[in-house]
Amino acid sequence: MNKPVNVPIDDPNADTEWNDILRKHGVIPEKPPSPTPLIEEAVAEARKQAHENRLEGKGLEELDELEDEEDDEFLEKYRKQRMAELSTIARTSIFNQVYPLQKPDYSRDVTEASRQAYVLVHLTASGGTNIESRLLTELWRELARKFGDIKFCEIQGDMCIEGYPDKNTPTILIYRNGDIQRQIITLREMGGAKTTTRDVEELLVNVGALKANDTRLLDSATHNGSSIFPNRKGVPTSGSTDEDDGWE
């Protein structure tokens, strides 16, 4: 009976004449294609996209400053795009304040209103000792002035939902198209008592209420000398938070 011959193989993936002979006779499998061309193609495509989008997020003044550096037609395209975005913001900025809610009007002022725009509801604590709730009230005022196309509302938690526990406040409810899109119980996931407008802005981007290249965000980032959203606190991007807390 013929016994199989052990063929010496140092490195089956090496480009050697011996390995070519072994592959030809099916002793070792064909060498898989090198990923290098795919990687180079992906890098080239990324560079192309970065070059094409190099003016994304720049304001009108910044675009004007690039007149000597960029192609006139390309620059004009972005100038018109930015003006259209600013026009849309101006047209839809109809709220610009925090709206106090009454339970009988909740359906009209929140659920129905969310069919036209994003509506954010802050369920506040019943007393003034809840630091996070007091902080969010201040942030709500600032954000409402900045993002007039989003409706910011407030109502005391136990006046909105009977028996709603203070330990779950502040609670943020985000409505769109007649439904709750997100529920966040307390500010724990956003920085607690150190939560800033930037943290809430990141949340707004994650839920789709704001675009990541919204010039209002970019102006804020430039002022603070930081990147758009480092996501340092891990603000959730989908689903509700603190599901185990419940409303009981």
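H122 has I172 in β4 as its bridge partner. The two strands involved, β2 (residues 119-124) and β4 (residues 171-176), run antiparallel and are joined by five bridges. Strands count as paired if DSSP finds at least two bridges between them; helices (H or I, at least four residues) and strands (E, at least two) are DSSP runs numbered from the N terminus.

This is a predicted model, in which local features need pLDDT of at least 70 and side-chain atom pairs pLDDT 80 or more, while totals for chains, interfaces and linings use all residues. Residues are numbered from 1 along each chain as its sequence is written, and side-chain values use heavy atoms, with hydrogens and water left out.

The open sheet has five strands in the order β1-β3-β2-β4-β5, with mixed pairing. Because β1 (98-100) and β5 (179-185) stand at the edges with a single partner strand each, one side of each has no neighbour in the sheet.

Angles run from 0 to 180 degrees between N-to-C directions of axes fitted to C-alpha atoms, for helices over the stretch in contact.

| Helix | Strands | Angle |
|---|---|---|
| α6 (residues 131-146) | touches β1, β2, β3 (151-156) and β4 | about 155 degrees with β2 |
| α8 (residues 197-207) | lies across β2, β3, β4 and β5 | about 150 degrees to β5 |

The protein chain comes to nine helices and five strands. Of its 248 residues, 40% are buried (under 20% relative accessible area, 1.4 Å probe, protein chains only).

Notes:
Contact means heavy atoms within 4.5 Å. Buried means under 20% relative accessible area, exposed over 50%, partly exposed in between (1.4 Å probe, protein chains only).
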